[in-house]
Protein chains: 4
Amino acid sequence: LNEPLNVAEVIERAAATVEPNVWCYFEGGAGDEVTLRSNVAAFRRWLLRPRMLVDVAEVSTATTVLGTPVSMPLGIAPFALQRLLDPEAERAISRASSAAGALMTVPTLTSYTHGELNAAAQGPRWLQLYVQRDRQLTLDHLAEVREAGYGAVVLTVDLPYVGRRERDLRLGFAVPADLRLHYGTLVDVAPDLTWRDLEWVRDATELPLVLKGILTHEDATLAVDHGADAVWVSNHGGRQLDGVAASLDALPEVVEAVGGRCEVYVDGGFRRGTDVLKALALGARAAFAARAVAAGLAVGGEAGVAHVLELFRGEIELGLALLGCTSPDQVSRSHVEPTVPYDPPA
Amino acid sequence: LNEPLNVAEVIERAAATVEPNVWCYFEGGAGDEVTLRSNVAAFRRWLLRPRMLVDVAEVSTATTVLGTPVSMPLGIAPFALQRLLDPEAERAISRASSAAGALMTVPTLTSYTHGELNAAAQGPRWLQLYVQRDRQLTLDHLAEVREAGYGAVVLTVDLPYVGRRERDLRLGFAVPADLRLHYGTLVDVAPDLTWRDLEWVRDATELPLVLKGILTHEDATLAVDHGADAVWVSNHGGRQLDGVAASLDALPEVVEAVGGRCEVYVDGGFRRGTDVLKALALGARAAFAARAVAAGLAVGGEAGVAHVLELFRGEIELGLALLGCTSPDQVSRSHVEPTVPYDPPA
Amino acid sequence: LNEPLNVAEVIERAAATVEPNVWCYFEGGAGDEVTLRSNVAAFRRWLLRPRMLVDVAEVSTATTVLGTPVSMPLGIAPFALQRLLDPEAERAISRASSAAGALMTVPTLTSYTHGELNAAAQGPRWLQLYVQRDRQLTLDHLAEVREAGYGAVVLTVDLPYVGRRERDLRLGFAVPADLRLHYGTLVDVAPDLTWRDLEWVRDATELPLVLKGILTHEDATLAVDHGADAVWVSNHGGRQLDGVAASLDALPEVVEAVGGRCEVYVDGGFRRGTDVLKALALGARAAFAARAVAAGLAVGGEAGVAHVLELFRGEIELGLALLGCTSPDQVSRSHVEPTVPYDPPA
Amino acid sequence: LNEPLNVAEVIERAAATVEPNVWCYFEGGAGDEVTLRSNVAAFRRWLLRPRMLVDVAEVSTATTVLGTPVSMPLGIAPFALQRLLDPEAERAISRASSAAGALMTVPTLTSYTHGELNAAAQGPRWLQLYVQRDRQLTLDHLAEVREAGYGAVVLTVDLPYVGRRERDLRLGFAVPADLRLHYGTLVDVAPDLTWRDLEWVRDATELPLVLKGILTHEDATLAVDHGADAVWVSNHGGRQLDGVAASLDALPEVVEAVGGRCEVYVDGGFRRGTDVLKALALGARAAFAARAVAAGLAVGGEAGVAHVLELFRGEIELGLALLGCTSPDQVSRSHVEPTVPYDPPA
């Protein structure tokens, strides 16, 4: 009876286990954390519309992202400083996601080299990229990963400056001086990055380019026009500009602007298999989770991450069946509708 | 002063009386129980529009369902494992509902044989049916009930797999090994059931066929097209796919799709006579309650069920009068309007 | 510092002073008390639109109702059993309202005769009327009051049966056997009263006829068509059919249906001068309060009622000035707008 | 770790530091304080729409108001009786705002003469003006300030009478008899002030005229038609007529009515840099804060005010960058959208 029954419980355990002045970094958001909370609440703004009397004896959660087969439409979003939660850090997550056949996005700021990660497990992996103020560092970064098994580069575009996260300031969070960091230092991001730099990034790598951090139809259109291979809707987990839309709320306008010209992903607030199904119904090809995975890592290392992934997979599978779908591809816009916007007091 | 004054109080007493790891089965829902709570809240999304200066000296709650006279437009929805709450189980409910002239839906999973139930009381009764993986078991079931006094078959279509009910998992709910079960075992439902199977069911029984578990206009249209004699709007009490619409919220689209071609019923969250009146105004021919009846059974056996039915009947009667109606037939769409969707903070 | 600063505080004191099993009768509503609470909340669904740079050096709250001058557009709604709160009962209220120049509606169920009330004070007074099952009693009633100084008959049409008020049942409220009642007994209302009876009532009195308890445009139109001199929007303080609209929410559709053909009044939830101004802006000629006055009576007898009336008058006066109006007549539909229907969580 | 991290924390400290029967005057609002709370909540009714991949290496918060350069689009709104919070009062605020390059609005009711204030610091300053019942006092006032360095006159038009602030009454707030007041007495405002008086005010000063306290498009149009140089949207911090719109909610209709013919400002509930950005996006040229500044003054005198101004400036700067803007001028209507009006229960 003691195994967490759902992702929310895993997060509760992590919050109860990890030192508050460390967990704040993983859990907190910017400003008043309005966007942070809205990310989670947004899923309740959509209802599922289940269809009956469909043969669902066989259901598969498998799908593809940028052509790569994955076991389910839920991948792992990048997040930094994983070694604060578990000594195996990115290696633990890589092993767990590889075993589950799930996609992992490896952050720029790792504790292990890309070679070490590639040696640890060979499941589907993408590389998250910050373009640094010193562009040569970014070129070196892209050169280093060339043989490390990555299937795409996920360029984070919503962090010209780091958001003001008051939990961290309040609790005095600081990166320990002796924390193992692959690049030996924190990144120093380029605040002058513009759409024109995309050409430069594309020249520096042969991998497909995913733009992460898009929240508006204007930028979604620009992304497609500049040749992005995919658009990733994200508000950086509510950690950058507080007061922006929940990711799920921004998803429809991005999907409409993209108009099928490339794949669309989304992260932010995913806790349930039904959350993932709602994202698919609104046009996402896949969803990504970071806090849920960080919590799994914190409470159980590789096994904890595996448990979180299996919770998602199981819920997606059952949800597909009860929705009357046998695969993620069958989930369509008609499977959701806006919630009646009123919850009267008791 | 100690008699429960309303159905909510009966449920409170049941929750305080029955062992938590048993009551969870009857009270709980799937996932985060969003749909479970929404079922109850949905009634507050509609206001009643009462008409004055109508002669309501004589008011009758009587109506018919599929042509059968019943004493009121509130029947008993099927629910399993009733003997966990009272040794007389389905027999107690059958006696109470027969005495009240209310319709009872007998679940597939009973503790008494259909002959025993028919011997106990002869009020209006329908049979709830799960189609089993082994179709022969279902044929046997339908053959067995032929002389047992049922007026219709209510085919439940929203359970290809059992929903994940975390309360049960958390509290370790399990069906006791020695629980008397008429069929000796739990049902093993067919996940490959499709619309085509309806023909097969119709061939196996002469009873009218009600489809229970419809939530969309698409499926309501399919049901009518496939010859259903009635459509029953239900989300299985919030116990299957969490995040679907409250039953009452799904009712209007089903009623519109059916367009008067067959009767429409609804269950989920009914606690008040005025809840039933709202369902009638939105186009339901009758409403059904399960948890309310389970609670009555738990706190007082047959007498407890009788009390719950009388609470509903009395409230429906008074509500009709104050609405300016002398019978359920007079309740029309003009007797409800959407609630102003804003409840400002104090 | 101990004088109540507003009507809500007067009500709090009454609730803290009067025996719970007595105060329940005055404060409670029917069923789940959804309508009771909504009556108060409804005022927050409308915002005031104040105009600046208007000369408001002189402001008057005076107005007329059915041609009778009153000191303000807030009168006293009828409520029964006042002697449970104060021995002077209707006499205390009559003296206080007469002194304030405010309109009082005397209930059918008084502790003093109409002659005694007329002797007590001669301010503007209307008579509330229940038509009894035994019509002769009603004819006698109307004959008795002929010389008692009433300016209109307010026929209550929303009580063919008494609503189910569970607070009273829970706390065991009962009318004391020795309570002085002018007619010696409780009323036995006619549930067969119809629009045709209005002719009969009009024949029995020369006073103007106000219909109290209208909530729909259909009934408002019927009222005008049947020659009502005024329509009084009311849900009987949330004490009859729970789940109907708040009075203020029903007001606009009634005002529109009436189309200026007679005066419209409203009661239910009035606590503030600004509540009255909102009702005026939405088309009411006057508002009425019962619980506020009952609370004043309970905490201070005649002086308590006077204090409540003065709180209302003062707030209406200041509100008019800050709204840019010098009299109730100047308050128009452009002085209100619907509240932005969203109050986001902190 | 003890420095307040945001304006809300500064206000919390002030509330914990200043005597309750003094702080009530600065913090409280009129009536039920619905408008007071709504002023703050209103910012959550709008979401920011951030644009990515814009070069934000250089960001400036500087702008102009009526042609005067200021360091940021957040100025100090006028508020009276500052010496109750700090002996240096208006001088402390003037020094802090001058040092920060921010605009200060000096209230009519100061503890220091305008000459003393001008001597203290020479940053951008406007004069708030109440027109007094005795018009000669107002002429004297305008004559006195002629050489005191003011850039505009801000005529407050929403206080023909003082609103009823029940916190003050409850706690017994009173202006100490020995409080230093420049004019030796409280102001006695003219309740008969009308649009025609504007000509008279314009004749008495050569300074631009800002009208403060406008909440409707009707009055905004009248203001422009009467030659106002700017319109200041305000509900007097929720201290005059309770139940009017939040300032931010009234802003769009005023901006639309003004149609670019003059500048529009807004005050009420500003606590965050993102609040200011939302106001700019909705068409305000600048925002103003009073309570935030009063709190800073209360907890730290001049340094406290400086800290509050720096919190605003820093948040505006970071917010601009994360929004994809390098200056206030670039913030446009497309940078905000209404919040999805539903926050579902957990």
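## Briefing on a predicted four-chain model: contacts, fold and selected residues

Once the neighbours within four places in sequence are set aside, Pro345(C) is in contact with Arg44(D) and Asp343(D).

**Pro345 of chain C**

- Pro345(C) belongs to the segment that comes after β12 (336–338) of chain C, and with a relative accessibility of 40% it counts as partly exposed.
- Between the C-alpha atoms of Pro345(C) and Asp188(C) there is a separation of 49 Å, the two residues being 157 residues apart along the chain.

**Overall build of chain A**

- Chain A contains 12 helices and 12 strands. Its radius of gyration of 19 Å is close to the 20 Å that the globule rule gives for 346 residues, so chain A is as compact as a globular protein of that length.
- Taken along the principal axes, the box filled by the C-alpha atoms of chain A is roughly 55 × 50 × 40 Å, and 63% of the 346 residues of the chain count as buried.
- When contacts in chain A between residues at least 6 apart in sequence are considered, 75% of them join residues at least 24 apart.

**Contact between chains B and C**

- Chain B brings 35 residues to its contact with chain C, and chain C brings 45 residues.
- In chain B, the residues that lose the most area to chain C are Met52(B), Leu53(B) and Tyr342(B), which together make up 24% of what that side buries.
- The area buried between chain B and chain C comes to about 3,300 Å², with carbon and sulfur atoms giving 59% of it.

**Contact between chains D and A**

- In the contact of chain D with chain A, 35 residues of chain D meet 45 residues of chain A.
- Of the area that chain D buries against chain A, 24% is supplied by Met52(D), Leu53(D) and Tyr342(D), which is more than any other three residues supply.
- Chain D and chain A bury about 3,400 Å² between them, and 59% of that area is on carbon and sulfur atoms.

**Leu53 in chains D and A**

- Leu53(D) is placed in the loop between β1 (46–48) and β2 (63–65) of chain D, where it counts as buried at 7% relative accessibility.
- The phi of Leu53(D) is near 55°, a positive value in a residue other than glycine.
- Leu53(A) sits in the loop between β1 (46–48) and β2 (63–65) of chain A and counts as buried at 6% relative accessibility, and it has a positive phi of about 55° although it is not a glycine.
- As background to these phi values, most residues other than glycine have a negative phi.

**Helix α6 of chain C**

- The buried residues of helix α6 (residues 135–144) in chain C are Arg135(C), Thr138(C), His141(C) and Leu142(C). Seen down the axis of α6(C), these buried residues fall within an arc of 115°, so they line one face of the helix.
- Where α6(C) starts, the backbone nitrogen of Gln136(C) has a side-chain oxygen of Asp134(C) within 3.0 Å.

**Two positions in chain B**

- Glu263(B) is in strand β10 (residues 263–267) of chain B, and with a relative accessible area of 19% it is buried, the cut-off being under 20%.
- A polar atom of the Glu263(B) side chain lies 2.9 Å from the backbone nitrogen of Leu66(B).
- Beyond its neighbours within four places in sequence, Glu263(B) is in contact with Thr64(B), Val65(B), Leu66(B), Asp229(B), Ala230(B), Val231(B) and Arg285(B).
- Gly172(B) lies in the loop between α7 (166–171) and α8 (197–204) of chain B, and at 35% relative accessibility Gly172(B) counts as partly exposed.
- From C-alpha to C-alpha, Gly172(B) and Thr61(B) are 42 Å apart in space, and in sequence they are 111 residues apart.

Note on methods
Residues are numbered from 1 along each chain as its sequence is written. Chains are lettered from A and ligands numbered from 1 in the order in which they are written. This is a predicted model: local features need pLDDT of at least 70, side-chain atom pairs count only at pLDDT 80 or more; totals for chains, interfaces and linings use all residues. Side-chain values use heavy atoms; hydrogens and water are left out. Buried means under 20% relative accessible area, exposed over 50%, partly exposed in between (1.4 Å probe, protein chains only). Helices (H or I, at least four residues) and strands (E, at least two) are DSSP runs, numbered from the N terminus. The arc is that of the directions from the helix axis to the C-beta atoms. A polar contact is a pair of N or O atoms within 3.5 Å; within protein, one must be able to donate a hydrogen and the other to accept it, and residues adjacent in sequence count only if both atoms are side-chain atoms. The radius of gyration is taken over C-alpha atoms; the globule rule is 2.2 Å times the number of residues to the power 0.38. Contact means heavy atoms within 4.5 Å. Buried area is the accessible area (1.4 Å probe) that two parts lose on being put together, summed over both.
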